[in-house]
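I opened this structure to look up a few residues one by one. My notes follow the order in which I checked them.

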Amino acid sequence: MNQHKTKVIAVRVTQEQYEGLMCLKGDVKMGNYLYLSLLPTLNAGVAELNAERKKAEAKAKRQAKKEATSGL
């Protein structure tokens, strides 16, 4: 069962940076704009995490197989 628990990320910006973001975001809510801006990076991080997990599982499986064959 995979539950999705969210985490909050806060970022401090100057007034000028905030006003610049307001100009760029258009009619979209600020939170949605920032989320959509980060989405490619988030997806890349999740893909890398999944690849690392897959490698670790394969390594554990190989190690278990090696230990099982050497124990006979």
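**Notebook: residues looked up**

I began with Gln63, which lies in helix α2. Helices here are DSSP runs of H or I with at least four residues, numbered from the N terminus. I noted that this is a predicted model, where local features need pLDDT of at least 70, side-chain atom pairs count only at pLDDT 80 or more, and totals for chains, interfaces and linings use all residues. Residues are numbered from 1 along each chain as its sequence is written, and side-chain values use heavy atoms, leaving out hydrogens and water.

The cut-offs are under 20% relative accessible area for buried and over 50% for exposed, with partly exposed in between (1.4 Å probe, protein chains only).

Next I moved along α2, which covers residues 30–70, to Asn50. Asn50 is partly exposed, since its relative accessible area is 41%. From Asn50 to Thr14 I read 35 Å between C-alpha atoms, at 36 residues apart in sequence.

Leu49 is also in helix α2. Its relative accessible area is 38%, so Leu49 is partly exposed. The C-alpha atoms of Leu49 and Asp27 are 33 Å apart, and the two are 22 residues apart along the chain.

Then I turned to Lys25, in helix α1 (residues 15–25). The Lys25 side chain does reach the backbone oxygen of Val28, at 2.9 Å. Leaving aside residues up to four places away in sequence, Lys25 touches Met30 and Tyr33 (contact means heavy atoms within 4.5 Å).

Last, I checked Val13, in the segment before α1. Val13 is partly exposed because its relative accessible area is 40%.

Definitions and conventions
Helices (H or I, at least four residues) and strands (E, at least two) are DSSP runs, numbered from the N terminus. A polar contact is a pair of N or O atoms within 3.5 Å; within protein, one must be able to donate a hydrogen and the other to accept it, and residues adjacent in sequence count only if both atoms are side-chain atoms.
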